[in-house]
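Please look through the structure below with the text beside it.

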Amino acid sequence: MDIEVSNAGRALRTPRAAAIAGIAFSLLAGVSLILIRIAVPGNLLDAHGWESDPARKSSAAIALALVPFAGIAFLWFMGVVRTRMGEREDRFFATVFLGSGLLFVAMLFVSSALAGGLLAVAANTTQANSLPATELWQYGRYITYTVMTTYAMRMAAVFTISTATISLQLQIMPRWLTLLGYTCALVLLVSVGYLPWVELIFPAWVFLVSAYILAATLRSPTADKP
């Protein structure tokens, strides 16, 4: 009997944990992306003197420090959402859901590490206007943004599509939220890398999904049972 009560308690808490983890990821990732956009200069001439700008240094340090916690929160969000789907999940879409989510987190970490190294090089460059330094900065910045936009955010779009499809099949989210997920994924697939700030769409959608799950569990706790 005690074991049954304990299992029921875990079933009740899991979706709430998913909502909290998703909200945490949305806030951390959103703040990190905004700070990186503000802190990282667009070219080497802007980077010259970056090491003496306390505001930019602080913004970049905070953004890079938040990324690991955002990744951890996203992994937790993935795990508990998949638990909420239960045994009814489609294996094909579940595989895409898991693979795209893990690839997104991996490339998020890689791009953050590249950004950290790029900013460290810029801070330690003594001749910022030299041609080799200019080429190094442009190359590093291009690689960093390519990993983040071309690859990571498109994996985020695939994750959104798979999550929306599973949710639509199992009817665990309202139809408007799943259709919004498809729309966000399409925007990310087509326009990411071309439109500034468009990558903020993904954490915004995760926030809406998490807020819905949290509101639903608060209204009806018995609905959390698998």
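Predicted model: local features only at pLDDT ≥ 70, side-chain atom pairs only at ≥ 80, totals over all residues.

A polar contact is a pair of N or O atoms within 3.5 Å; within protein, one atom must be able to donate a hydrogen and the other to accept it. The side chain of serine 100 reaches the backbone oxygen of phenylalanine 97 at 3.3 Å, so the distance falls within the 3.5 Å limit.

Serine 100 sits in helix H4, which covers residues 91–124. Is this serine buried or exposed? Its relative accessible area is 3%, and because buried means under 20%, serine 100 counts as buried. Leaving out residues up to four places away in sequence, serine 100 touches Met155, Val158, Phe159 and Ser162.

Now the fold as a whole. The protein has seven helices and zero strands, and read along the sequence its pattern is α-α-α-α-α-α-α. Of its 226 residues, 44% count as buried. Among contacts between residues at least 6 apart in sequence, 79% join residues at least 24 apart.

Confidence is lowest in helix H2 (residues 44–47), with a mean of 54, and highest in helix H6 (residues 175–191), at 93. Over residues 1–12 the pLDDT is below 50, and beyond near neighbours in sequence this stretch has five contacts in the model. Residues 222–226 also have a pLDDT below 50, and that stretch has eight contacts beyond near neighbours in sequence.

Next comes the nonpolar interior. In soluble globular proteins, nonpolar side chains tend to be buried together. Here the largest nonpolar core has 40 residues, and those with the most contacts inside it are Phe25, Phe74, Phe77, Phe104, Met153 and Phe202. At least two residues of this core are supplied by each of helix H1 (2–39), helix H3 (54–85), H4, helix H5 (131–170), H6 and helix H7 (201–219). H5 gives the largest share, nine residues.

Alanine 29 is found in helix H1. With a relative accessible area of 10%, alanine 29 is buried. Apart from residues up to four places away in sequence, alanine 29 touches Ala70 and Pro203. The C-alpha atoms of alanine 29 and phenylalanine 202 are separated by 9.4 Å, although the two residues are 173 residues apart along the chain.

Helix H5 holds two further residues to look at. One of them is threonine 163, which is buried at a relative accessible area of 4%. Leaving aside neighbours within four places in sequence, threonine 163 is in contact with Met85, Phe97 and Trp205. Phe97 is also the residue whose backbone oxygen is reached by the side chain of serine 100.

The other H5 residue is glutamine 169. Why does glutamine 169 count as partly exposed? Its relative accessibility is 45%, and the class of partly exposed lies between under 20% for buried and over 50% for exposed. Glutamine 169 touches Asp90 and Phe93, not counting residues up to four places away in sequence.

Tyrosine 182 is partly exposed, with a relative accessible area of 27%. Its contacts, not counting residues up to four places away in sequence, are Ile161, Ala164, Thr165 and Leu168. Tyrosine 182 and threonine 163 are 19 residues apart in sequence and 9.5 Å apart in space, C-alpha to C-alpha.

Last, the space left inside. Rolling a probe the size of a water molecule over the atoms shows where empty space is left. A search of the whole structure finds four cavities of 30 Å³ or more. The largest cavity has a volume of about 280 Å³. Its lining is made of 25 residues, of which Leu33, Ile36, Ser111, Ser112 and Met148 lie nearest the centre. H1, H3, H4, H5 and H7 are the elements that give two or more residues to this lining. Which element gives the most to the lining of the largest cavity? H4 does, with seven residues.

Notes
Residues numbered from 1 in each chain as written. Heavy atoms only, no water. Helix = DSSP H or I, 4+ residues; strand = E, 2+ residues; numbered from the N terminus. Buried < 20%, exposed > 50% of the residue type's maximum accessible area, 1.4 Å probe, protein only. Contact = heavy atoms within 4.5 Å. pLDDT = per-residue confidence, 0-100. Core = buried A, V, L, I, M, F, W, Y, C linked by side-chain atoms within 4.5 Å. 1 Å grid on protein atoms, 1.4 Å probe; cavity = no way out; pocket = protein on both sides within 12 Å on 5 of 7 lines; lining within 4 Å. Points joined across faces, edges and corners; volume = space filled by probe spheres on them.
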